[in-house]
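Hi,

Here is the structure I promised to pass on. Have a look at it first, and then read my notes below.

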Amino acid sequence: MKKKTVAILLTAMMAMSAMAIPASAEEGTKKIGIAMPTQSLERWNRDGAYLDEQFKAAGYDTELVYSDNQIDRQVNDIQNMIADDVDLLVIAAIDGEALNTVLEEAAEKEIPVISYDRLIKSDAVAYYVSFDNYTVGTLQGQYVVDTLDLDNAGDATYNIEFTAGDPADNNAGYFFNGAYDVLSPYIESGVLNVVSGQTDFDSVATPSWDTQTALERMQNILASYYADGTQLDVALCSNDSTALGVSQAIESDYAGDNTVLITGQDGDEANLANIVDGKQSMTVYKAVANEAVVTLDLAEAMLNGETVDGSLIEASAWDFDCAYDTESYETSEGNKCPSFLLVPTVVTTENLQEALVDPGYYTMDDDGYLHPAE
Ligand code: GAL
């Protein structure tokens, strides 16, 4: 090929690549509004960081806001993003029922919305990206069945108490129902006994997933039902922030000499330390780094005007499993929300290295404790 032709080709390629990645906001770089619920629950700091990094690395401007678990503040934060003319919104709701009006404002400006991790009950939501939340609960329930070998319990009875999540969080019901659906046959047969009698979601829920609230409720249960030496065998907790409070209550207010089986979710640093120390039995880990990858690829397809369906998964280079689900979630009665659901993982002392350290999510120090990778 003649040198002049090569030079022309290279110039053309450089011009095209410049067009593919906008140079600056002035030249039309698209902007993504990222609304996270709070920094007081550990995982959301990772979600926000991963999302921000992924979108920026892909050439987008971002606006990342945390709303301190205050519902009205999150509404206002989203209104500000709309006023800033973001091109797409990624929202992890504090209260999935509280964003209808503000998302109607987004729809009026044709700003598409991805409901991130927690389903928002608004038909303005285009897609939902999360983990299979019901499976998070079934994994916790099945861990109890397998660890105590309930199918071969004979005449044995095990005492269990439940701690669920925030009633405003659409996920919390799925977590609780998943676990309860696995365990209810054993409660009905008498193999499991809920000594407090608290088995309905509203009785066992924890507003804001608050550690102190979970701690004080478990202290009350222990004082009311276990002070006479009754043994507590299982504390089924829907996530790590509540499990932390429950394990603190058991440590301070439970006189029994057995180790209580405690479940959790998220792989919070303090809870991983409790797992290493034998104070918590397991957590369900959700690789939020992968949740951010799915969210980026989905957002790009949406902004490019592509038809989005399960083919996004086939066309992706993802090295993790994800399901395209058009049946499980509704933003309003009968209005199915197409969802991309990643797969959660049970983590115990047996697989800390393989599940959390080897993939680079955490580092392990010389004492065997895990710390989020920087
Ligand atoms: C849920 C989330 C869980 C749990 C909880 C507390 O919606 O899916 O991972 O961490 O919030 O933030």
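Leaving aside its neighbours within four places in sequence, which residues is L272 in contact with? Before I answer, two words on the ground rules. This is a predicted model, with local features needing pLDDT of at least 70, side-chain atom pairs counting only at pLDDT 80 or more, and totals for chains, interfaces and linings using all residues. Residues are numbered from 1 along each chain as its sequence is written, and side-chain values use heavy atoms, with hydrogens and water left out.

Now L272. Setting aside neighbours within four places in sequence, L272 is in contact (heavy atoms within 4.5 Å) with G267, T283, L352, L356, Y362 and L370. You'll find L272 in helix α10, residues 269–276. Helices here are DSSP runs of H or I with at least four residues, strands are runs of E with at least two, and both are numbered from the N terminus. L272 has a relative accessible area of 0%, so it is buried. For that label, buried means under 20% relative accessible area, exposed means over 50%, and partly exposed is in between, using a 1.4 Å probe and protein chains only.

Apart from neighbours within four places, N351 is in contact with V346 and L356. N351 sits in the loop between β15 (345–347) and α13 (352–357), and N351 counts as buried because its relative accessible area is 15%.

Next, helix α6, which covers residues 170–189. With 20 residues at 1.5 Å a residue, α6 should span 28 Å, and its end C-alpha atoms are 30 Å apart, which agrees. (The expected span is 1.5 Å times one less than the number of residues.) α6 does bend, by about 45° at L183, and the proline P185 follows within four residues. That bend is the angle between axes fitted to the seven residues ending at a residue and the seven starting there. Most of α6 is covered, with 14 of its 20 residues buried. Just after the helix, G190 takes a positive phi of about 90°.

How many residues surround it? There are 13, and the closest are D117, R118, D169, D266 and K286; to be near, a residue needs a heavy atom within 4 Å. A polar side-chain atom of D169 lies 2.5 Å from a ligand oxygen. For D117, a side-chain N or O atom is 2.7 Å from an oxygen of the ligand, and for K286 the corresponding distance is 2.9 Å. The protein covers 100% of the 300 Å² of accessible area that the ligand has on its own. Those areas come from the Shrake-Rupley method with a 1.4 Å probe, and for residues only the protein chains shown count as cover.

Helix α2 (residues 42–57) is worth a look too. Its 16 residues reach 23 Å from first C-alpha to last, close to the 22 Å expected at 1.5 Å a residue. Its buried residues are R43, W44, R46, D47, G48, L51, D52 and F55. N45, also in α2, is partly exposed, with a relative accessible area of 27%. A polar atom of the N45 side chain lies 2.9 Å from the backbone oxygen of Q39. After α2 comes G59, with a positive phi near 95°.

Most residues other than glycine have a negative phi. S208 has a positive phi of about 60° although it is not a glycine, and W209 also has a positive phi of about 60°. S208 lies in the loop between α7 (201–204) and α8 (211–225), and W209 is placed in the loop between α7 and α8. Is each of them buried or exposed? S208 is partly exposed at 32% relative accessibility, whereas W209 is buried at 5%.

Cheers

How values were computed
A polar contact is a pair of N or O atoms within 3.5 Å; within protein, one must be able to donate a hydrogen and the other to accept it, and residues adjacent in sequence count only if both atoms are side-chain atoms.
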